[in-house]
Amino acid sequence: TETIEDLNQTVKFIKQNKPDYAGIAIYHPFPETPLYDYCIKNNLIKEPKSLQEWADVSVFHWANLNVSKIPTKILLDTKLKIERMMYTRAYTKKFIKNLANGNIPSFKKIFNATKHLLNLYSGRLIQ
């Protein structure tokens with residue numbers, strides 16, 4: 001029952017409180033749980049009938065199971081936005097801590113970290 005306004009409040013909360021880490025996940029209903037039964041009962045998902053359908057609702061295909069009224073693209077974009085904030089904050093903190101301890105990173109390390117952040121911000125995940 002989360003709304004886009006609820007989602008925006010979550011982002012605002014994270015920005016204001018600046019946690020060291022925020023584990024963000026899109027809800028995935030697991031069989032034999034009350035919330036899974038709720039999703040079935042309210043036609044948010046269909047009960048898998050075949051082995052292939054069960055594979056499609058596995059944890060590895062969670063994006064196929066958006067049970068909210070928020071479009072999947074908005075959920076995924078918001079999740080990526082929050083993850084970017086967390087990575088940026090983590091890299092910045094690590095960099096400042098190293099400088100404070102007299103550990104000046106090499107140009108190569110700075111270049112690789114910057115490249116990683118730029119790829120993250122452009123929506124490409126690097127291996």
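This is a predicted model: local features need pLDDT of at least 70, side-chain atom pairs count only at pLDDT 80 or more; totals for chains, interfaces and linings use all residues.
Local features need pLDDT of at least 70, side-chain atom pairs count only at pLDDT 80 or more, and totals for chains, interfaces and linings use all residues. Residues are numbered from 1 along each chain as its sequence is written, and side-chain values use heavy atoms, without hydrogens and water.

**Pockets**

A pocket is an open set of points on a 1 Å grid where a 1.4 Å probe fits, with protein on both sides within 12 Å along at least five of seven lines; lining residues have an atom within 4 Å of a point. Its volume is the space filled by probe spheres set on the points, which are joined across faces, edges and corners.

| Pocket | Volume | Lining |
|---|---|---|
| Largest | about 560 Å³ | 23 residues |

Thr1, Glu2, Tyr27, Val67 and Ser68 lie nearest the centre of the largest pocket. Elements giving two or more residues to this lining are α1 (4–17), α2 (34–41) and α4 (72–100). Helices are DSSP runs (H or I, at least four residues), numbered from the N terminus. α4 gives the most, with four residues.

**Ile110**

Ile110 sits in helix α5. Ile110 is partly exposed because its relative accessible area is 33%, between the cut-offs of under 20% for buried and over 50% for exposed (1.4 Å probe, protein chains only).
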